[in-house]
2 protein chains.
Amino acid sequence: METKKNKEPELIADRQALLRTFITPEREEARATLLKYMEQVLFGLHDFLIQHVGITQEKSLMELSVYFQDSNISKNPEKKLADVIKDLIDDIAPHAVNVASPYFIGHMTSAIPFFMVHLKTIVAALNQNVVKLETSKVVSVVEKQVLAKIHKLVYRKPEEFYEEHIQNTYTTLGAFVEGGTSANLTALWVARNIVFAPKGDFLGIESEGLQAAYKAYGVERCVVLVSRRGHYSLRKAGGLLGIGNQNIIPINVDAKHRIDLECLSQTIKDIKKEGKTKIIAVIGIAGTTETGTVDPLEKMAEICSENGIHFHVDAAFGGPVLMSDKYKNLLAGIELADSVAIDGHKQFYMPMSCGMVYFKSPTIMDAIEYHANYVIRPGSVDLGSKTFSGSREANSLILDSALKIMGSNGYALLINHGIELARRFADEINKRTMFQLVTTPMLNILTYRVCPPEYMKDLSSGEPENKRSTNKKLNEINRDVQRIQREAGKSFVSRTLLFEGNNSEDRVVVLRCVIMNPLTDMKIIKEILDEQEAIYKDIVFEQENS
Amino acid sequence: METKKNKEPELIADRQALLRTFITPEREEARATLLKYMEQVLFGLHDFLIQHVGITQEKSLMELSVYFQDSNISKNPEKKLADVIKDLIDDIAPHAVNVASPYFIGHMTSAIPFFMVHLKTIVAALNQNVVKLETSKVVSVVEKQVLAKIHKLVYRKPEEFYEEHIQNTYTTLGAFVEGGTSANLTALWVARNIVFAPKGDFLGIESEGLQAAYKAYGVERCVVLVSRRGHYSLRKAGGLLGIGNQNIIPINVDAKHRIDLECLSQTIKDIKKEGKTKIIAVIGIAGTTETGTVDPLEKMAEICSENGIHFHVDAAFGGPVLMSDKYKNLLAGIELADSVAIDGHKQFYMPMSCGMVYFKSPTIMDAIEYHANYVIRPGSVDLGSKTFSGSREANSLILDSALKIMGSNGYALLINHGIELARRFADEINKRTMFQLVTTPMLNILTYRVCPPEYMKDLSSGEPENKRSTNKKLNEINRDVQRIQREAGKSFVSRTLLFEGNNSEDRVVVLRCVIMNPLTDMKIIKEILDEQEAIYKDIVFEQENS
């Protein structure tokens, strides 16, 4: 662990030493230095991975935190670069989470191809700031091109459309943002501003605010409709935008966890009848966070179109499935969305963190346009004029390069592996009497729980009271199994709380798996299930003997 | 330039090749491969810097954009990694902007110490997701420690305060965010939610929205007060939060571009008297974007305290001046702020992009707390519960390491160099008859303009009409000088539009310099001024001969 202050007297901040740390082209030997440290980084991390196939060291956060109690910044340098790198590899990495392990199948964070690290290094070394042309130049053009490529993947507009817009400085096909949260926020921000656009004396909601907007449009409330499986960041966006997070209305789901179309239509009808509420957007989900479910996008688009409502698709997780010819039909209807959120750091396998948002209309982002005197002047190519972010890194270079290195077929291999392995995983669970499959995977996410035969019997007895108390016991068991497995550090699945149907009283703790790592295979999955069975048996043994 | 499709028939997406790109600990030779490519990255960029001391190649964006017109994602891999890296170095870098050049003194984006690139590489390779403990573990603890270190730098609370909060899982001293825009937004979001906190039947603005909040509090409007020099992202935040960007009220500035305290006090008084408007926050600026001015923070804090108003300081640029014992008094009063925004990618010299926001009260961020079923459950250590962002990279590891490598004295050397060189730069401008210093640097930003003696005479003639028409001519000249210098690609200063005093009719185009690169010196500055003089003379010569 980090030693508490390891001050060596010879470390003194000095100007000459400092200047040497800035990349100076004049000094030829600087090359060797740069590489020496990078070798330490790469070999060190590589050795670490050889020694740690598991997830993390079995040391609790409480134990760890005693080493991180010092709130003082040292006056003089505390450590040399080589020692800092060594500490990161020896002391931090083992207690971080080895998300690159094929045994880590619990979250949407995964192993990434090694070249992503090299690409990120290039982006860091170039240190372009894409907010404005003056700090990015050609990178802004690259970004517009990548945005067009993904836009085309989603919307499949005719060639002429892309010829017109790909490098058009007046239109925007989408934007790179920090992540899925920002992407969804941006889409709702645009949708809100379109609903409350300027009219007559009213300058628009962006300028005058929500109160004035409601007044100008004779409205008392506005809402966003999304299935009960919607990501929590949508509520956050509702709070931020001044709509109020309770006005992100959860719509019931069907037995397959997809939005209930009847219920959606009825809700829209009721709201329209009531007359004082505006619907800012309906959100379809292409890969829910908890169950990987894809909503019936095509039918949702139809409903939205009939009612003149902005249709947003949160494809933060599922978007890249479009790269697979074999499975892209799972997202059918996404091309009808007015806006689509896709994460780069999920199934595009980019390093943390990169989100994107796309819009069907190349002028709709004008609704959130801002200018400044020193940059981003009207008519400029500055990409920052229509993004939430100010300064931001050139993540588009990484995606552009990755698309060239992998091709869509390369991505398809990853996507197909995930979906197909998840199906085999589900079969394996169905084969084992100790487990119950809770959600069948549509994409590469599945949920299940430890549910031994004796509990299964109670559940199927039909008595609601009996069922509820059994679920309560099972919830406790599954919570324990997940925690014990996580703390042991060999493998990792996550857990979440699902509502059976739409009744919030029937809450079921489930184990949740996301299959993204191409090195994860059935052998590993069986090991993980075996470990869970063993943990469960230990729990029972201890209970019986205590 | 990039060749339009250079498809080699042998490039086919294949599963075995793909698996090899995922870092596999079993394969010893993978080490060598990783390093080989990194050598290509680092040596390539280093060679590039030797050849290009300037800013960018003299090729217009229009010319460049013809190479980036293809909107198709190739099915098969287009290029091998080595070729992609080669293209980035040979074709992209020369047409990007060499922000590492000491001749690049136009924006807050600068050269960074080389070790920052190594640290970013480690962060990318570990690929931790700090939104939750399950994908970061010890990194969450490191982040809390760094937040405490910077909090202490700003607020200087007693040791016991930090002992209590540094690793406290129930309190939060601040947050890492995407950048200054997110940092300011987060502060205003918190301030808005505190002003419209739950009371009686009202569940709070976050839940019920702005309309209900105004009703519950008997308010018709709310505003944020900030000097005319406030960053444009504050207006964006106002638009996003539903307040309306026209309610970000610009307060007049004094002759030194600092907020006019009289005017601030009077505005507050007027608003209070009117009775139907709530002031969400007053914002002081520690380093305005355009002129580097620091507002009188101490007195502003006093005014806010007397009036019970949230006092936010936008120290996105200026914050790290606190690392310099010599100049930290320039930010006196910052410790009285309720919240402070500081950027990591500006004067902490971190790679793009990293922002931070700090709060005096360790519980105030509860006002924006969110939970989910699958992570970030109540009471968890998950850092994502009180940030705008969801998934995000572990930038705290970079700052933590940089603080250890540099010490505060190391940062002080950089800060002092910038401030002192800016002063000498100002002296040099004052010495040259061709230029006029427009704003004397308080920190390391100064503005000036080309203003030859004959124009200076017109300006001082005292006739307002004459002055206005002279300014108009000068504006055109300075616009041209800046553009021609930028396009030539040898050096770069930016330009902006300043209002003389508070009258929006007297707009003056100024050249703007930000001195951050420690390799920038007076020799380079004189060269840049010489080039500007030469460009001006060329303009005059051409005008006289056309």
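Colleague: How many bridges join S9(B) to S11(B)?

Modeller: This is a predicted model. In it, S9(B) and S11(B) run antiparallel and are joined by four bridges. One pairing can be named: B:Ile445 has B:Val514 in S11(B) as its bridge partner.

Colleague: In what order do the four strands of that open sheet come?

Modeller: The order is S8-S9-S11-S10 in chain B, with antiparallel pairing. The edge strands are strand S8 (435-439) and S10 of chain B, each of which pairs on one side only. From one strand to the next, the twist averages 45 degrees.

Colleague: Which strands does helix H14 of chain B lie across?

Modeller: Helix H14 (residues 395-431) of chain B lies across S8, S9 and S11 of chain B, and it runs at about 15 degrees to S9(B).

Colleague: Now the seven strands of chain B. What is their order in the open sheet?

Modeller: They are ordered S1-S7-S6-S5-S4-S2-S3, and the pairing is mixed. Strand S1 (174-177) and strand S3 (248-251) of chain B are the edge strands, each pairing on one side only. The twist averages 20 degrees from one strand to the next.

Colleague: And in which sense do S1(B) and strand S7 of chain B pair?

Modeller: S1(B) and strand S7 (residues 355-359) of chain B pair in the antiparallel sense, over four bridges. Within that pair, B:Ala175 stands opposite B:Val357 in S7(B).

Colleague: On to helix H16 of chain B. What span does it reach from its first C-alpha to its last?

Modeller: Helix H16 (residues 464-488) of chain B has 25 residues and reaches 36 Å, close to the 36 Å expected at 1.5 Å a residue. Its buried residues include B:Leu474, B:Ile477, B:Val481 and B:Gln485.

Colleague: What covers the buried residues of H16(B)?

Modeller: The cover includes strand S9 (445-450), helix H15 (453-459), strand S10 (494-499), strand S11 (507-514) and helix H17 (522-544) of chain B. Just after H16(B), B:Gly489 takes a positive phi of about 85 degrees. In chain A, H16(A) is followed by A:Gly489, with a positive phi near 85 degrees.

Colleague: Let us turn to B:Leu241. Is it buried or exposed?

Modeller: B:Leu241 counts as buried because it has 28 C-beta neighbours inside 10 Å, where 20 or more are required. Its place is in the loop between helix H11 (232-240) and S3 of chain B.

Colleague: What is B:Leu241 in contact with, leaving aside its neighbours within four places in sequence?

Modeller: B:Leu241 is in contact with A:Leu240 and A:Gly242 of chain A, and with B:Leu188, B:Trp189 and B:Arg192 of chain B. B:Leu188 is 53 residues apart from B:Leu241 along the chain, with 8.3 Å separating their C-alpha atoms.

Colleague: That brings in the interface. How many residues of chain A are in contact with chain B?

Modeller: There are 149 residues of chain A in contact with 148 residues of chain B. Helix H2 (residues 30-51) of chain A gives the largest share of the chain A side, 14 residues. By class, that side has 76 nonpolar, 50 polar and 23 charged residues.

Colleague: Which rotation superposes chain A on chain B?

Modeller: A rotation of 180 degrees, with 0.0 Å of shift along its axis, superposes them at an RMSD of 0.0 Å. That is the relation of a two-fold axis. The same surface serves both copies, as 99% of the contact residues of chain A recur in chain B.

Definitions and conventions
Residues numbered from 1 in each chain as written. Chains lettered and ligands numbered in written order. Predicted model: local features only at pLDDT ≥ 70, side-chain atom pairs only at ≥ 80, totals over all residues. Contact = placed C-beta atoms within 7 Å. Helix = DSSP H or I, 4+ residues; strand = E, 2+ residues; numbered from the N terminus. Nonpolar A, V, L, I, M, F, W, Y, C, P; charged D, E, K, R; others polar. Least-squares fit on C-alpha atoms with pLDDT ≥ 70 in both. Pairing = 2+ DSSP bridges. Axes fitted to C-alpha atoms, helices over the stretch in contact; angles between N-to-C directions. Expected span 1.5 Å × (residues − 1). Buried ≥ 20, exposed ≤ 12 C-beta atoms within 10 Å, placed from the backbone.
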